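Biologist: I am new to this structure. Could you show it to me and then take my questions?

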Amino acid sequence: MACRSVAAVMDEQALLGLNPNADARYRQRAMAYFEQLKESQDAWEVCAQALAKGLYSDDHVKFFCFQVLEHQIKYRHGGLSGTQQQLIRETLMKWLQMQLMSGHPEKVFIRNKAAQVLALTFITEYLTLWPKFFFDVLTLVGLNPHGVDIYLRTLMAIDAEVVDRDILHAPEETRRNTLIKDAMREQCIPSLVESWFQILHTYQHTHPELTCQCLEVVGAYVSWIELGLIANERFVNLLLSHMSVDELREEACDCLLEMVNKGMDPVDKTKLVESLCQVLQSAGFFNVDQEDDVDFLAKFSRLVNGMGQSLVLSWTKLVKAGSVKDASDSLDALEAKVALMLRLLVHQDDDISANVVGFCYEYLHVLKQLPELSEHQKSNVEAIMLAVIKKLTYDEEYNFENEGEDEAMFVEYRKQLKMLLDRLAQVSPELLLEAVRRVFTGTMRNWQSATFMEVEVAVRLLYMLGEALPASHGAHFSGDTVKTGALQDMMRTLVTCGVSGYQHTSVSLEFFETVVRYDKFFIVEPQHIPNVLMAFLDHRGLRHNSPKVRSRVAYLFSRFIKTLHKHMTAFIEDILTRIQDLLELAPPENGSVAPLTNDDQLFMFELAGVLIVSGESPVERKQALMRGLLVPLMDAFRLLLAKLPVETDEERQAAVADCLSHAVGFASRTSKAFSNKQTVKQCGCTEVYRDCLHTFLPALSCPVQRGVLRSCVRSFLHRMIICLEEEVLPFIPAASEHMLKDCEAKDLQEFIPLISQITAKFKRQVSPFLQQVFMPLVLAIFEALARPAEDNDQAAALEKQMLRRSYFSFIQTVAGSGMNEVMANQGAENMERVVFTIIQGAVDFPDPVAQKTCFIILAKLVELWGGKDGTVGFTDFIYKHIVPACFLAPLKPTFDLSDAQTVLMLSEAVITLKTIHVKQGAEFVHFLQHDYLPSLHVSPDIAQEMCHVLQQPDVKVLKTYMKAFFQQAKL
């Protein structure tokens, strides 16, 4: 570090800490020194002096000095004396002058920081103290390359602060920015534009980086300055000459795009785009096929896209305004760009193609609005269709087994092409159908000799028609005979031509996806079902050598069976036999790879269940088949459960527990086959599911791996409550007892929905059980909530919040189930404790979701226990606790009426007040008006007004009034 004259003034030791490699002590000292300089009235001036005189060569010290200056301008400018403000201006100009004379430019990060500080000074002083900012800067800089660099960086920094629409500004900043732009337009923009022209002209051959910087500035400013200053022959010719210079052409493209995107009158916009296109075309830029530079074409395609979208917008505005002639001119101009757009759309580089998808999509949207298409427009539609079909095709390099970033980008690009296909279908469904049919039929005729890319895209197009030509509930094979006939022909070809045997994963997947998308075809032509079933079941589907195909086919087969279950009667037992080995529980110690994952097996068990339940076999046969499906799972479960407690290795333990969990999950999944029309009882399967319960419930008392085991058994119980009806009730008390032992907050949170489900479904049938389990459950919850946790343990805090919500939900279910006795029989002391937790939940915890539930409970308790014939002592409780809760909760500082959940909570609090009025009548009105509201210092007039509104029959009026009351109270 070279220091020449201010060693006594600047803290040299602190400055050492600015070096990134300095130790922590020095860095700390540097931070403290920074704070000291920032906050001092005049100590910061040493930094100004250091910059103005170039006293330090260390880049970190220079950056530090600029930061100190930046702080003064940004936060303390108003408190500086006129002399100090002048010092900042002089410092910046002296530093800038030094750059002109320097043989080497500063590092980029120093130049950027200097530009930021210059921009801040401009924004702060331009309208008042320094109106000649640009005159002074330009006079000093001239065409010196180092100075021009700082000038251009400063302009971009000003753009970021004053113009950039992506940055949110406060209203006063927005007003200030508008004033700055207005003043600049009036005073200096022509001079700036002239300086840009001179920079571009002077440096285009010698300093490409400066020229590119200047083009970026022009692009940024063109959106808000007078367009004629840039869109003139002199400037446009210069920009076009840059389009032929390799280092400049991409930035020149961006600059032209900003001109095209500028908001303006639609007729003027059309003229601007047309004049630009004429010049670009005559200069040979439309010959994109001869252009090798893909980076330039990526920029050029964005420009073409911008021109196309601008013309669409002009046409739309002119049509809306009824300007028929001008709209026609815009449409002609748009049509003239379609050929160029198509050449870019079919370009082999997908990025270039993707850049014009927006233009293409909006052009099709225009065509969709026209009453009739001309022959030329129809040929455009056909050309777009062929382009989309071509670009949908995979590259040979696509890696299907290990998809990386390139593959992910192609998948995204395909989604954009799908949007075009859907829009094509809206413009001309007949043309699309015919084009797809032509490609599909031609490819299927010779699929054995075609490449996988050709076969995949042909099948893919058929698949995509399903969304492009929508049908209600997938009814593609009824209605419009042209469409249904074509789709039926193609589907018939797909399932009979043998393409399902094509040896490529992409074709296999597309085949099965398409079969399932059009599964209703097999209702119309069921004779093809056996062939397709074999494809699902053999080496083409579930036995395919690719795990990816096997996995997807398991899911698709399950969907296929669910749709066509009525047509499966003849094949049920054959299918079950063929998939038997896929229904085996993979043992934990098995090192070999199973043909299907556990998740895939879930679909297999579900489809097996559907086949058994929906078949036309007698009840005895269904019973035997279901037993054949579930007994192996139960046998395996018993063996593994006996093994688990004696297993000492933790990893092995976890593997066994997972295996047990899968067994329960598979059994649970089979029950999804039942419905209201085909119940467990009607199918004679009650006993086998009861056996499952007997087998699985002992897992709840297993001393190890409790989380996994409890979770899977709990899920099974949820399913059995739905399927077995009251047959499940004998199992609930013992299961609950086990689940309440040594449980964590998460266990309780997941157990409560089970009890709530039982309560809501069986109501009075479970009243004795609920009375028995109510307090043990509540006490377990209280204990879990009372457990201490670290202050900063967010996971524990969230867990408690969720448990609290679950607890209140449970109380709500019990209170709302009509079983008054469940809570009433818990003893006065217990009941008081529970009700106080509801009051506490309504007021003390800032969680509007839980608070809303608490007020619903309080309203229900008032309904049950309030009034003259209500529970002794409850009226007193209403006045002492429930009424205050309805007011104290909304008066809390955390109560935010701009939050939707909070508004819902207030609504329930108001309903609670209304319920109290219904039960307590005039006595409540008197209490509110003369006792409670005065205690809150509410004026007698307001109290009387509120009580009057309270007595109106429409609760909506009260809700509106109370919302306004609390809004006013918080002011």
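This is a predicted model: local features need pLDDT of at least 70, side-chain atom pairs count only at pLDDT 80 or more; totals for chains, interfaces and linings use all residues.

Biologist: What pLDDT does the protein average?

Modeller: The average is 91, and 98% of the residues score at least 70; pLDDT is the predictor's confidence in each residue, from 0 to 100. Over residues 1–8 the pLDDT is below 50. That stretch has 19 contacts in the model beyond near neighbours in sequence, a contact being heavy atoms within 4.5 Å.

Biologist: Let us turn to H45. How many residues does it have?

Modeller: Helix H45 covers residues 955–969, which is 15 residues. Helices (H or I, at least four residues) and strands (E, at least two) are DSSP runs, numbered from the N terminus. From its first C-alpha to its last, H45 reaches 21 Å, close to the 21 Å expected at 1.5 Å a residue; the expected span is 1.5 Å times one less than the number of residues.

Biologist: Which residues of H45 are buried?

Modeller: They are Leu 958, Tyr 961, Met 962, Phe 965 and Phe 966. They lie on the same side of H45 because they cover an arc of only 130 degrees around the axis, the arc being that of the directions from the helix axis to the C-beta atoms. Buried means under 20% relative accessible area, exposed over 50%, and partly exposed in between (1.4 Å probe, protein chains only).

Biologist: Why would residues a few places apart point the same way?

Modeller: An α-helix has 3.6 residues a turn, so residues three or four places apart point the same way.

Biologist: And what is on the other side of H45?

Modeller: Lys 956, Thr 960 and Gln 968 are exposed there. The cover over the buried residues of H45 includes helix H41 (874–891), helix H42 (900–920) and helix H44 (940–950).

Biologist: Which residue caps the N-terminal end of H45?

Modeller: Asp 954 does, with a side-chain oxygen 3.0 Å from the backbone nitrogen of Lys 956. A polar contact is a pair of N or O atoms within 3.5 Å; within protein, one must be able to donate a hydrogen and the other to accept it, and residues adjacent in sequence count only if both atoms are side-chain atoms.

Biologist: Now H31. What span should it have at 1.5 Å a residue?

Modeller: The 21 residues of helix H31 (residues 650–670) should span 30 Å, and its end C-alpha atoms are 31 Å apart, which agrees. Among its buried residues are Val 656, Cys 659, Leu 660 and Phe 666. The buried residues of H31 pack against helix H29 (598–614), helix H30 (619–643), H32 and H33.

Biologist: What happens at the start of H31?

Modeller: A side-chain oxygen of Asp 649 reaches to within 3.3 Å of the backbone nitrogen of Glu 651.

Biologist: You listed Cys 659. How many disulfides are there?

Modeller: The count comes to zero, a disulfide being a pair of cysteine sulfur atoms within 2.5 Å. For Cys 659, the nearest cysteine sulfur is that of Cys 712, 11 Å away. Cys 659 is buried, with a relative accessible area of 3%. For Cys 854, the nearest cysteine sulfur is that of Cys 886, 12 Å away, and Cys 854 is buried at 0%.

Biologist: Where is Arg 710 found?

Modeller: Arg 710 is in helix H33 (residues 706–723).

Biologist: Is Arg 710 buried or exposed?

Modeller: Arg 710 counts as buried, at 3% relative accessibility. Not counting residues up to four places away in sequence, Arg 710 touches Leu 700, His 738, Met 739, Lys 741, Asp 742, Cys 743 and Asp 747.

Biologist: Last topic: where does Thr 443 lie?

Modeller: Thr 443 lies in helix H21 (residues 429–445) and counts as buried at 13% relative accessibility. A polar atom of its side chain is 2.7 Å from the backbone oxygen of Val 439.

Conventions
Residues are numbered from 1 along each chain as its sequence is written. Side-chain values use heavy atoms; hydrogens and water are left out.
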